[in-house]
Amino acid sequence: MTVQFSAAVKRVSPSPLALQGIIAVIALAFALSPARGGTALFLPFGGGTANAIAWSRENDARLLAPGPYRGAFIIRVNGGSDTLAAFSSGALLISVPEFLCGRPETETAKTS
């Protein structure tokens, strides 16, 4: 009886290498997700700019500049769950260091 149970568990559970791969993908996704108020690169899977603009309006994110690829934009995110919202709408949201996006905004630039 124990042999059958052990064989059933082995068929259902993934191998240790697969588990390590899953953990690595989750850690990478967590490391690349943007912080609240941070800058991010919005990369749509389809490459359309309308998707980026519509997504940014729905999620209260600000478009800062066009990205390096067609349909990609540099945005400033406001929420904590923007990465999952972008993925569900067909795009990747990757954190970008502020110094790669130009100089940071000052308070006087925001009000003018």
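**Entry 1: ground rules**

I call a residue buried under 20% relative accessible area, exposed over 50%, and partly exposed in between (1.4 Å probe, protein chains only). Accessible areas come from the Shrake-Rupley method with a 1.4 Å probe, and for residues only the protein chains shown count as cover. The model is predicted, so I note that local features need pLDDT of at least 70, side-chain atom pairs count only at pLDDT 80 or more, and totals for chains, interfaces and linings use all residues. Residues are numbered from 1 along each chain as its sequence is written, and side-chain values use heavy atoms, with hydrogens and water left out.

**Entry 2: the chain as a whole**

I looked up the fold elements, taking helices (H or I, at least four residues) and strands (E, at least two) as DSSP runs numbered from the N terminus. There are five helices and four strands, and from the N terminus on they run α-α-β-α-β-β-α-β-α. Of the 112 residues, 24% count as buried. The chain exposes about 8000 Å², and carbon and sulfur atoms supply 66% of that area. I then turned to contacts, meaning heavy atoms within 4.5 Å. Among those with a separation of 6 or more, 64% join residues 24 or more positions apart.

**Entry 3: Asp60**

Is Asp60 buried or exposed? Asp60 is exposed, because its relative accessible area is 56%. I found Asp60 in the loop between helix 3 and strand 2 (62-66). Its phi is positive, about 55 degrees, although Asp60 is not a glycine. For background, most residues other than glycine have a negative phi.

**Entry 4: Ser56**

Ser56 sits in helix 3 (residues 49-58). I have it down as buried, since its relative accessible area is 4%.

**Entry 5: the largest pocket**

My pocket search ran on a 1 Å grid over the protein atoms alone: a pocket is an open set of points where a 1.4 Å probe fits, with protein on both sides within 12 Å along at least five of seven lines, and lining residues have an atom within 4 Å of a point. A volume is the space filled by probe spheres set on the points, with grid points joined across faces, edges and corners. The largest pocket holds about 340 Å³ of space. Its lining has 16 residues, and the closest to the centre are Ala29, Phe30, Ser33, Thr83 and Leu93. Helix 2 (16-32), helix 4 (82-88) and strand 4 (91-95) each supply at least two lining residues. I sorted the lining into 12 nonpolar, three polar and one charged, with Ala, Val, Leu, Ile, Met, Phe, Trp, Tyr, Cys and Pro as nonpolar, Asp, Glu, Lys and Arg as charged, and the others, Gly among them, as polar.

**Entry 6: Ser33 and Pro34**

Ser33 belongs to the loop between helix 2 and strand 1, and Pro34 lies in the loop between helix 2 and strand 1 (39-44). Ser33 is partly exposed at 24% relative accessible area, while Pro34 counts as buried at 11%. Leaving aside neighbours within four places, Ser33 is in contact with Thr83 and Ser95, and Pro34 with Thr39, Ala40, Val77, Thr83, Leu93 and Ser95. I also checked C-alpha distances: Ser33 and Leu92, 59 residues apart along the chain, are separated by 9.3 Å. Pro34 and Asn78, 44 residues apart in sequence, are 9.6 Å apart in space.
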